[in-house]
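Look at the chain below from one end to the other before reading on. The paragraphs after it go through the model step by step.

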Amino acid sequence: MSEPNPYADGEYKWGPTQPPGTPAYGYPNPNPAPGYGYPNQGSQYSETQSALPIPAAGAPASMGGAPLVSIGDITVMGDSIVTPAGTLPLRGSVWNATDMSHTEEKIPTHAIVLAIVFFLFCLLGLLFLLMKEKKTTGFIQVTVTSGGKHHSTMIPAHGPHTFQQVMGQINYARSLSSM
């Protein structure tokens, strides 16, 4: 990049103008501005220092890291439960779920219209009355209590299967809390 452009002709010269001897774009600057550029350049930390504290020998390692399960706004980590209200200990937590949803079944309006129209032409129009539409509304309330703190969240029910899915997640969280 420090060589002149071999394809330039005439007075128009495209590309960056760099004085000879400067490194190409993307390479580390030998004189970086403080707080800018590649990590550990011109900083007070050396490459051998660790950004995270290393636990002492014999100390139990925390199982933080990636979330194991997320139920609404409750996230279960390796050794803690993260909620908007704060962090709760996972060990000994008590989980509860309440199904406050309901599913109703009704005949849709277009099925009634088709039954009336086709009843006039032939008696097969009554088969349209067998069409049913299921609609689930409501929420599933999930509560967790641990370490003297309590948190509750509401999960919208999208179908009759939603409660079973949430209970599967809660049972997994219960099994983690008993370890």
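This is a predicted model: local features need pLDDT of at least 70, side-chain atom pairs count only at pLDDT 80 or more; totals for chains, interfaces and linings use all residues.

Residues are numbered from 1 along each chain as its sequence is written, and side-chain values use heavy atoms, with hydrogens and water left out.

The term pLDDT stands for the predictor's confidence in each residue, on a scale from 0 to 100. Its average over the protein chain is 76, and 64% of the residues score at least 70. Over residues 45–61 pLDDT stays under 50, and the model has three contacts beyond four places in sequence for this stretch. Here contact means heavy atoms within 4.5 Å.

The protein chain contains two helices and seven strands. Both kinds of element are DSSP runs numbered from the N terminus: helices (H or I) have at least four residues and strands (E) at least two. Read from the N terminus, the order is β-β-β-β-β-α-β-β-α. Of the contacts between residues at least 6 apart in sequence, 50% join residues at least 24 apart.

The strands can be taken sheet by sheet. Two strands pair if DSSP finds at least two bridges between them. E2 and strand E3 (residues 80–83) run antiparallel and are joined by two bridges; Thr75 has Val82 in E3 as its bridge partner.

Another open sheet has three strands in the order E5-E6-E7, and the pairing is antiparallel. Its edge strands, E5 and strand E7 (149–156), each pair on one side only. Neighbouring strands are turned by 10° against each other on average, direction ignored. E6 and E7 are joined by eight bridges, and here Gln141 has Met154 in E7 as its bridge partner. The hairpin of E6 and E7 has two residues between the strands, and Gly147 takes a positive phi near 60° there. H2 lies across E5, E6 and E7, running at about 170° to E5.

Next comes the interior. Buried residues make up 20% of the 179 residues in the protein chain; buried means under 20% relative accessible area, exposed over 50%, and partly exposed in between, using a 1.4 Å probe and protein chains only. In soluble globular proteins, nonpolar side chains tend to be buried together. A nonpolar core is a set of buried Ala, Val, Leu, Ile, Met, Phe, Trp, Tyr and Cys residues joined through side-chain atoms within 4.5 Å. The largest one here has 17 residues, and those with the most contacts inside it are Ile71, Val76, Ile81, Trp95, Val142 and Val166. Strands E1 (69–71), E2 (74–76) and E6 (133–146) and helix H2 (162–177) each supply at least two of its residues. H2 gives the most, with four residues. Leaving aside neighbours within four places in sequence, Ile71 is in contact with Trp95, Val142, Thr153, Ile155, Val166, Gln169 and Ile170.

Ser93 counts as buried because its relative accessibility is 9%. A polar atom of its side chain lies 3.0 Å from the backbone oxygen of Leu90. Beyond four places in sequence, Ser93 is in contact with Ile81, Val144, Thr145, Ser146 and Ser177.

His150 is in strand E7 and is exposed, because its relative accessible area is 52%. Not counting residues up to four places away in sequence, His150 touches Thr143, Val144 and Thr145. Its side chain makes a polar contact with the side chain of Thr145 at 3.0 Å. A polar contact is a pair of N or O atoms within 3.5 Å; within protein, one must be able to donate a hydrogen and the other to accept it, and residues adjacent in sequence count only if both atoms are side-chain atoms. The C-alpha atoms of His150 and Ser93 are separated by 9.8 Å, while the two residues are 57 residues apart along the chain.

Notes: Axes are lines fitted to C-alpha atoms, for helices over the stretch in contact, and angles run from 0 to 180 degrees between N-to-C directions.
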